[in-house]
Amino acid sequence: MENLRRTVAVVDDDASLRRSLGRLLNAYGFQAEEYTSAEDFLARDPNTAIDCLVLDIDLGGMSGIDLQRRLKAEGTSLPVIFITALETASAKAEAEKVGCVAYLQKQFPGGALIAAINKAMGL
């Protein structure tokens, strides 16, 4: 039987947060795919279908904003929800400029993330 659950990729260099978000997503019926970096996400199996991307802005290598720029340049229209611990007006403006469904500051409520994902997927 085909898996009908929608897949949400979580890209964050904080292992604890990735695991927590993965559990939250699974509890709400989503399939979670976890990636440690933007580079890790780009190196994924190209056959892995991703329906939405939860993306940390401040990653160790390529930033989340740079990953979104690259995805857009490649023609990918994947809905993105940015998450960040270091909220600044300039980072928020840049995130909105490159395109995002939502911009959430860590420690956001789980319900806010689920609502943003549902909005991104038109659920």
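The structure holds zero disulfides. Keep in mind throughout that this is a predicted model.

**Stop 1: the cysteines.** Select cysteine 52 and cysteine 100. A disulfide here requires two cysteine sulfur atoms within 2.5 Å. Seen from the other end, cysteine 100 is in no disulfide either, and its nearest cysteine sulfur is that of cysteine 52. Now show the surface. Cysteine 52 counts as buried, because its relative accessibility is 0%. Cysteine 100 counts as partly exposed, because its relative accessibility is 25%.

**Stop 2: aspartate 56.** Select strand β3, residues 52–56; aspartate 56 is in this strand. An unreviewed UniProt entry places the feature "modified residue: 4-aspartylphosphate" at Asp56. Is aspartate 56 buried or exposed? With a relative accessible area of 3%, aspartate 56 is buried, since buried means under 20%. Next, display what surrounds the residue. Leaving out residues up to four places away in sequence, aspartate 56 touches Val11, Asp12, Asp13, Gly64, Ile83, Thr84 and Lys106.

**Stop 3: valine 11.** From that list of contacts of aspartate 56, pick Val11. Valine 11 is in strand β1, which covers residues 7–11. At 0% relative accessibility, valine 11 counts as buried. With residues up to four places away in sequence again set aside, valine 11 touches Tyr35, Ser37, Ala38, Phe41, Leu53, Val54, Leu55, Asp56 and Leu59. Valine 11 and serine 37 are 26 residues apart along the chain, yet their C-alpha atoms are separated by 5.9 Å.

**Stop 4: two helices.** Select helix α1, residues 15–27, and helix α5, residues 110–120. Two packed helices are described by the angle between their axes and by the distance between those axes. At what angle do α1 and α5 pack? The angle is about 60 degrees, and the axes are 11 Å apart. The two helices, α1 and α5, are therefore oblique to each other. In passing α5, α1 makes a right-handed crossing. To see where the helices meet, show side chains on both. On α1, the contact is made by Leu21, Leu24 and Leu25. On α5, it is made by Gly110, Leu113, Ile114 and Ile117.

Notes
Residues are numbered from 1 along each chain as its sequence is written. This is a predicted model: local features need pLDDT of at least 70, side-chain atom pairs count only at pLDDT 80 or more; totals for chains, interfaces and linings use all residues. Side-chain values use heavy atoms; hydrogens and water are left out. UniProt positions are given in the numbering used here, feature names are shortened, and annotations may be inferred rather than shown by experiment. Helices (H or I, at least four residues) and strands (E, at least two) are DSSP runs, numbered from the N terminus. Buried means under 20% relative accessible area, exposed over 50%, partly exposed in between (1.4 Å probe, protein chains only). Contact means heavy atoms within 4.5 Å. Axes are lines fitted to C-alpha atoms, for helices over the stretch in contact, and angles run from 0 to 180 degrees between N-to-C directions. Angles under 35 degrees count as roughly parallel, over 145 as roughly antiparallel, 65 to 115 as roughly perpendicular and the rest as oblique. A crossing is left-handed if the near helix is turned anticlockwise from the far one by less than a right angle, and right-handed if clockwise.
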